[in-house]
Structure formats: C-alpha cells, structure tokens
Amino acid sequence: MELFIYDGALHGERLLRVVRRASAPFSAADIDVRVCDNEAALEAALHHAVAEEAKRQERFFPMRTDDGIRLLRLSRVLYFQSEGHRIHTALTDGTVLRSRSLRVSTRELLSPLLASGKLLQVSKSTFVNTQHVCSISLDGVHLAGGCIVPVSRKYYAEFLQASRESFGP
C-alpha cells in the first residue's frame, strides 16, 4: 500500500500522527509513505500507484505448450478455443498458442476465470476474455483488434445474461 500526503500544513509530529492512524491496519513493510510537494506531484504519484496496483492484480494463466510452460497475462488473451485435447489461445498480438494435450476438460481448466467473470463461454469450445469485448451483434462477439467470435445458439441466452451482468444493459 502506498500512502500519499499533500498538505503544506502537515509536518513534524502532526504528519507522524496522520501516518500512524492511516497505516494502523498494515505492517510497516506494506507501506510506502511519500510526501508530495504539490498537486502535480501528488497526481503523478497516484497515477503510478494505480498502475502498480493494476499490475499486481493482473491475472496470469499457466499454459503448457510444446516449447514448455508459459505464463500468459490474461490481459493479452482474446479467447481460448478447445480442439480435441488441446487449447488454442488467441493473443492480442495475433499469435495463437497451442497447448499440449490436456487431461481435464477446458471448462474445468478455465473454471476459476469463468467464476470470476473474466471469461464468458460462447460455444461448447470457445471462451472469450471479457476485457476485450467491444460489442455484441448477430454475427457474434466483436473483440479488440477486429476479431469476431461466433456465439452458438445453445449459449446465446446464457451469454447475453452474463454479458449484461458484466457490462450492464
């Protein structure tokens, strides 16, 4: 946790009391205290803290490929598509990775991401990353980069309900 203070009147013992009160629930190792001299410095520090927190909360997905185990940032994954006992993973840079043979179902493997709402199932074998959904049409789900993933009739109603919960009406 980072604690930012901007107040020209706060200094010495008064500043120390504010820091102690604000940081009581945390250990000293968890806190980075910075005193900002002006609003611009405070704004820059807050932007930095938000970016660092986003990186810290970034979800990763381990994937066994023929080249070895790769740790994929979920933010780079457009969709997962199973084919037989393998998963094809489409990335934002256009790369498609192919997993090694799986011993569990794709749905079981992706279940934590489905439960968290980070992925939505659009067909028996395809799961899209909600972070990259731009729009939904009769053609399918339009993802960032112009990719369109069809939604099967069986999953259409379930997908629409889940997408309303994720993105709003």
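Let me begin with a term: a residue is called buried when its relative accessible area is under 20%. The model I am showing is a predicted one, and by that criterion 33% of the 169 residues of the protein count as buried.

A search of the whole structure finds 1 aromatic pair, and phenylalanine 61 and phenylalanine 80 are its partners, with 4.9 Å from centre to centre and 55 degrees between the planes, which is a tilted arrangement. Because phenylalanine 61 lies in strand 3, residues 60-65, and phenylalanine 80 in strand 5, residues 77-83, the pair ties together parts that are 19 residues apart in sequence.

Now to the surroundings of the pair. The largest nonpolar core has 15 residues, and Phe61 and Phe80 are among those with the most contacts inside it, as are Val77, Leu110, Leu113, Leu119 and Phe127. Strand 3, strand 5, strand 6 (86-91) and helix 3 (106-115) each supply at least two residues of this core, and helix 3 gives the most, with 3 residues.

Phenylalanine 127 deserves a word of its own: leaving aside residues up to four places away in sequence, its contacts include Phe80, Leu110 and Leu119, and also Tyr79 and Leu120. Tyr79 and Leu120 belong to a second, separate core, which has 12 residues and also includes Val122 and Val141.

Let me turn to the sheet. The secondary structure of the protein comes to 4 helices and 12 strands, and 5 of the strands form an open sheet with antiparallel pairing, in the order 7-6-5-9-8. Strand 7 (96-98) and strand 8 (119-121) are the edge strands, each of them pairing on one side only, while neighbouring strands of the sheet are turned against each other by 20 degrees on average, direction ignored. Helix 3 packs on this sheet, where it touches strand 5, strand 6, strand 8 and strand 9, and its direction makes about 135 degrees with that of strand 8.

Within the sheet, strand 5 and strand 9 (residues 126-129) run antiparallel and are joined by 3 bridges; one detail to look for on the screen is glutamine 81, whose bridge partner in strand 9 is threonine 126.

Finally, two values for the whole protein. Among contacts with a separation of 6 or more, 43% are between residues 24 or more positions apart, and the protein exposes about 11000 Å², of which carbon and sulfur atoms supply 51%.

How values were computed: Residues numbered from 1 in each chain as written. Predicted model: local features only at pLDDT ≥ 70, side-chain atom pairs only at ≥ 80, totals over all residues. Heavy atoms only, no water. Phe/Tyr/Trp six-rings, centres within 6.5 Å; stacked < 30°, edge-to-face > 60°. Core = buried A, V, L, I, M, F, W, Y, C linked by side-chain atoms within 4.5 Å. Buried < 20%, exposed > 50% of the residue type's maximum accessible area, 1.4 Å probe, protein only. Contact = heavy atoms within 4.5 Å. Areas by Shrake-Rupley, 256 points an atom, 1.4 Å probe, with all protein chains shown as cover. Pairing = 2+ DSSP bridges. Axes fitted to C-alpha atoms, helices over the stretch in contact; angles between N-to-C directions.
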